[in-house]
Amino acid sequence: MPNTVVLGAGIVGSAAVWDLVRRGHAVTVADADSDAAATAADVYGATPAHLDVEDRRALEALLEDSDAVVSAVPYHFGVAVAASAVRTGVHYADFGGNPAVVAAQHALDDDARTAGVLIIPDCGLAPGLVNVMAGLLIDTTSGPIRSVQMRVGALPQEPVGALGYQLAFSPAGLINEYAEPCEVIERGRRTTVEPLTRFETVEWDGWGPLEAFATAGGTSTMCRD
């Protein structure tokens with residue numbers, strides 16, 4: 001049975017715990033808030049742990065007996081946690097979203113290969129699932145590809161509030177998407193556009209009209225690879 005650590009017991013981290021447990025993993029869920037870790041562990045059948053992710057020794061002690069770690073803490077911890085995973089020989093995945101952090105994680109490639117571990121950032125919705133779907137569409141479409149646009153939004157089944165939006169992840173990650181340059185491919189070349197530009201209105205049956213605009217991080221490495 002794989003032994004997996006999930007860092008962060010928020011909405012996203014708890015969902016990861018649920019999914020891993022149902023797939024047969026022995027899961028330890030760790031959080032600086034011991035009550036949050038205990039609640040997630042009790043609900044989903046995991047083991048709780050109290051951990052400050054900035055405490056490198058405590059983090060690596062927790063990882064030493066594990067096969068993998070899923071980081072669901074704010075993105076700015078991504079490089080340090082990935083480096084600890086490499087040092088302890090543990091496979092690493094996170095939900096990403098920040099191009100500078102991902103670039104720094106890629107710089108760990110040589111050490112990760114030596115340690116025999118995988119470092120896989122950007123495994124969320126966007127970046128993550130949306131990139132896989134766009135890549136599959138590109139690979140399976142016959143004829144030339146003229147344009148690919150990826151749109152994503154946190155749209156709950158029962159929208160509430162003025163925006164009808166669900167903030168399921170760190171507010172810092174959301175603000176970051178609205179503040180940094182957005183990587184795109186335009187006229188066959190990689191470039192950047194300013195966030196919150198390229199405003200458009202989109203709608204389809206049952207949804208909309210919705211406001212859409214450029215945000216950072218969602219293309220992950222697609223514009224580079």
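**Figure 1. Right-handed crossing of helices α4 and α5.** In this predicted model, the crossing of α4 and α5 is right-handed, a crossing being right-handed if the near helix is turned clockwise from the far one by less than a right angle, and left-handed if anticlockwise. The contact (heavy atoms within 4.5 Å) is made by G78, V79 and A82 of α4 together with V101, A104 and Q105 of α5. By class, this contact of α4 with α5 comprises 4 nonpolar, 2 polar and no charged residues; Ala, Val, Leu, Ile, Met, Phe, Trp, Tyr, Cys and Pro count as nonpolar, Asp, Glu, Lys and Arg as charged, and the others, Gly among them, as polar. The axes of α4 (residues 78-88) and α5 (residues 99-106) come within 9 Å and cross at roughly 20°. Axes are lines fitted to C-alpha atoms, for helices over the stretch in contact, and angles run from 0 to 180 degrees between N-to-C directions. The two helices α4 and α5 are therefore roughly parallel to each other (under 35 degrees; over 145 counts as roughly antiparallel, 65 to 115 as roughly perpendicular and the rest as oblique).

Residues are numbered from 1 along each chain as its sequence is written, and side-chain values use heavy atoms, with hydrogens and water left out. As the model is predicted, local features need pLDDT of at least 70 and side-chain atom pairs count only at pLDDT 80 or more, whereas totals for chains, interfaces and linings use all residues.

**Figure 2. Packing of helix α3 against helix α4.** Helix α3 (residues 56-63) packs with α4 at an angle of about 50°, the axes being 10 Å apart. Helices α3 and α4 are therefore oblique to each other, and their crossing is right-handed. From α3, R56, L59, E60 and L63 meet V81, S84, A85, R87 and T88 of α4. By class, the contact of α3 with α4 has 4 nonpolar, 2 polar and 3 charged residues.

**Figure 3. Pairing of strands β4 and β5.** Strand β4 (residues 68-71) runs parallel to β5, and 4 bridges join the two; strands pair if DSSP finds at least two bridges between them. V70 stands opposite A93 in β5. Strand β5 (residues 91-94) presents Y92 and D94 on a covered face, and H91 and A93 on an uncovered one. In a regular strand, side chains alternate between the two faces of the sheet.

Figure 4. T201 lies in strand β9 (residues 200-204); helices (H or I, at least four residues) and strands (E, at least two) are DSSP runs, numbered from the N terminus. Neighbours within four places in sequence aside, T201 is in contact with P209 and L210. T201 and V69 are 132 residues apart in sequence and 39 Å apart in space, C-alpha to C-alpha.

Technical notes: Buried means under 20% relative accessible area, exposed over 50%, partly exposed in between (1.4 Å probe, protein chains only).
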